[in-house]
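Reader: I am new to reading protein models. Could you walk me through this one, a question at a time?

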Amino acid sequence: MAAPPPALRGASRQLAPVDQVATLLLAMGKPAAGRLLKYFEPDEIKRITHSASRLGAVSPDQVDGVVESFAEEFAGGASLVGTVQEVEKLLTGLLPADQVADILAEVRGNANRSVWERMAGVQESVLASYLVKEHPQTAALILSRVKPAIAAKVMGHLPLPLRNTVMRRMLAFKPVVDEVMQAVERTLHEDFLINGSRNSGADTHAKMADIINKMDRQQMDEALTSLAEARPKSVEILKGLLFTFDDIVKLQPRARTTLFDAVPNDRLVLALKGTDAEFRTVVLSALSARVRRMVEHELNGGEPAAQRDVMEARRSITDLAMDMAGRGEIEINPGGEDDALIR
C-alpha cells in the first residue's frame, strides 16, 4: 500500500496511516474511491474497512490535512463520520456482493468481540515469537488475559529463562489501570490482529524455525551458529520455537505415551537406531510392555539402516508431535534444559 499523506497538521487526534487512507477514500466518495480500490489487495481492503468502520467523526481540519490537493472542496467545513453503514455504501457496486458481505460480516463480528476473545485464534508459536520481542511485563500482562489453555501452550514455546520471568511477574501483578490496558489492547489490535493475515503463519521467526526444524542435527547447529554471529537475539527466539527428536525426552510421560501410541512400531525402531542407552530407556518407558519387548527385540537383532532412512523416521515423529501439539493433544516443551541427547 502506498504511504499516506504526512501526519495531520494541528489535528486534535493523531490518525494512524490506515486511518488516513480510510479518511481519504470516504471523503472522495464512491466514484473516485472506486477507481482506487481496485488497485488494493484484499487484505488491504479489509484493513481499510476495519479502520473506516471505527473512524468516527473526523474534523474538517483533519480532512483538509489528509487531502491537501482537494483543500478548496473542503474549505467550507465539510466533515464526515466513518461508520459500517458508510463503508457498505462505499463498497456496494465496487466489489462483488459476496466479497462485500464477507468483509462487513467480519467487521461487524469483530466489533462485538474483545481483543482477548480474538486472540484465541492466533497460532501459539506466532504469539510466542511476538511476546519474546516484548518487555516481560507486557508479555505477562497479555498471557494473564488470554484463556489459560492458550497461555499454557504459548508458555511451552517461550525460552526457559523468559518463561520463568513471565510466570514470576504474573504472580506479582497488581491491578492495572484502564489507560495501560487500553494501550495494550490498542497495540494488539493495530499491530497484531489487523495484520493477522500477514502475521499468522507468516511470522519470520516461526517460518525459519519450521525450516530449521526439518534439517539434520549438523545442519541445524551450523545454521544456528552462523545466525548467532549476526543476529544473536533472533537465535534465542528460534531456539524457543524449535522442537527436535532430541526434545522428545523433555516431554511429560503422558505426552510421550500419547505420541508413541500413534507411531508405527517399525518407524519407531528405525528412529531409535543409533541413539544411546539413556535416550532409548526414556522412550521405551513410554511404551506398553508388549510393544516395548517387540521394539527391543528389533533393535537388538535388526540390521543397520541407512542414515537417510533413520533421519526421515525421526523427522516424521517430530512432525507428528508438532501436529498433535497444534491440535492440543499433547504439550511440547522446547527451550527447556540444555541436556539434549545425540540426535
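This is a predicted model: local features need pLDDT of at least 70, side-chain atom pairs count only at pLDDT 80 or more; totals for chains, interfaces and linings use all residues.

Reader: Which residues of α11 make the contact with α9?

Author: From the α9 side, the contact is made by Pro136, Gln137, Ala139, Ala140, Leu143 and Ser144. By class, the contact of α9 with α11 has 7 nonpolar, 3 polar and 1 charged residues. On the α11 side, the residues are Leu162, Thr165, Val166, Arg169 and Met170.

Reader: How are the axes of α9 and α11 placed, and what is the word for their arrangement?

Author: Helix α9 covers residues 136-145 and helix α11 covers residues 160-171. Their axes come within 9 Å and cross at roughly 65°. Angles of 65 to 115 degrees count as roughly perpendicular, so α9 is, relative to α11, roughly perpendicular.

Reader: Are helices α18 and α20 parallel or oblique to each other?

Author: Helix α18 spans residues 265-272 and helix α20 spans residues 289-301, with their axes 10 Å apart. They pack at an angle of about 50°. Under 35 degrees would count as roughly parallel, and 65 to 115 as roughly perpendicular. The two helices are therefore oblique.

Reader: How many nonpolar residues are in the contact of α18 with α20?

Author: In α18, the residues involved are Asn265, Leu268, Val269 and Leu272. They meet Val291, Met294, Val295, Glu298 and Leu299 in α20. Sorted by class, this contact has 1 charged residue, 1 polar residue and, for the nonpolar class, 7.

Reader: Is Leu268 buried or exposed?

Author: Leu268 is found in helix α18, and it touches Phe260, Val263, Val283, Leu287, Val295 and Ile317, not counting residues up to four places away in sequence. The relative accessible area of Leu268 is 1%. The cut-off for buried is under 20%, so Leu268 is buried.

Reader: What is the distance in space between Leu268 and Arg314?

Author: Along the sequence, Leu268 and Arg314 are 46 residues apart. In space, C-alpha to C-alpha, the distance is 8.0 Å.

Reader: Is Thr318 buried or exposed?

Author: Thr318 is found in helix α21, residues 307-326. Not counting residues up to four places away in sequence, Thr318 touches Asn213, Phe243, Thr244 and Phe245. Its relative accessibility is 2%, so Thr318 counts as buried.

Reader: What does Glu236 count as, by its relative accessibility?

Author: Glu236 lies in helix α16, residues 232-241. Glu236 and Pro159 are 77 residues apart in sequence, and 7.4 Å apart in space, C-alpha to C-alpha. The relative accessibility of Glu236 is 43%. Buried needs under 20% and exposed over 50%, so Glu236 counts as partly exposed.

Reader: Stepping back, what share of the residues in the protein is buried?

Author: The protein has 21 helices and 2 strands. Among contacts between residues at least 6 apart in sequence, 76% join residues at least 24 apart. Of the 343 residues, the buried share is 42%.

Reader: What is the mean pLDDT of the protein, and for which residues is pLDDT below 50 with 6 contacts in the model?

Author: The mean pLDDT is 75, and 74% of the residues reach 70 or more. One stretch below 50 has 6 contacts beyond near neighbours in sequence: residues 69-78.

Reader: How many contacts does the model have for residues 334-343?

Author: Over residues 334-343, pLDDT stays under 50. Beyond four places in sequence, the number of contacts in the model for this stretch is 32.

Terms used
Residues are numbered from 1 along each chain as its sequence is written. Side-chain values use heavy atoms; hydrogens and water are left out. Axes are lines fitted to C-alpha atoms, for helices over the stretch in contact, and angles run from 0 to 180 degrees between N-to-C directions. Helices (H or I, at least four residues) and strands (E, at least two) are DSSP runs, numbered from the N terminus. Angles under 35 degrees count as roughly parallel, over 145 as roughly antiparallel, 65 to 115 as roughly perpendicular and the rest as oblique. Contact means heavy atoms within 4.5 Å. Ala, Val, Leu, Ile, Met, Phe, Trp, Tyr, Cys and Pro count as nonpolar, Asp, Glu, Lys and Arg as charged, and the others, Gly among them, as polar. pLDDT is the predictor's confidence in each residue, from 0 to 100. Buried means under 20% relative accessible area, exposed over 50%, partly exposed in between (1.4 Å probe, protein chains only).
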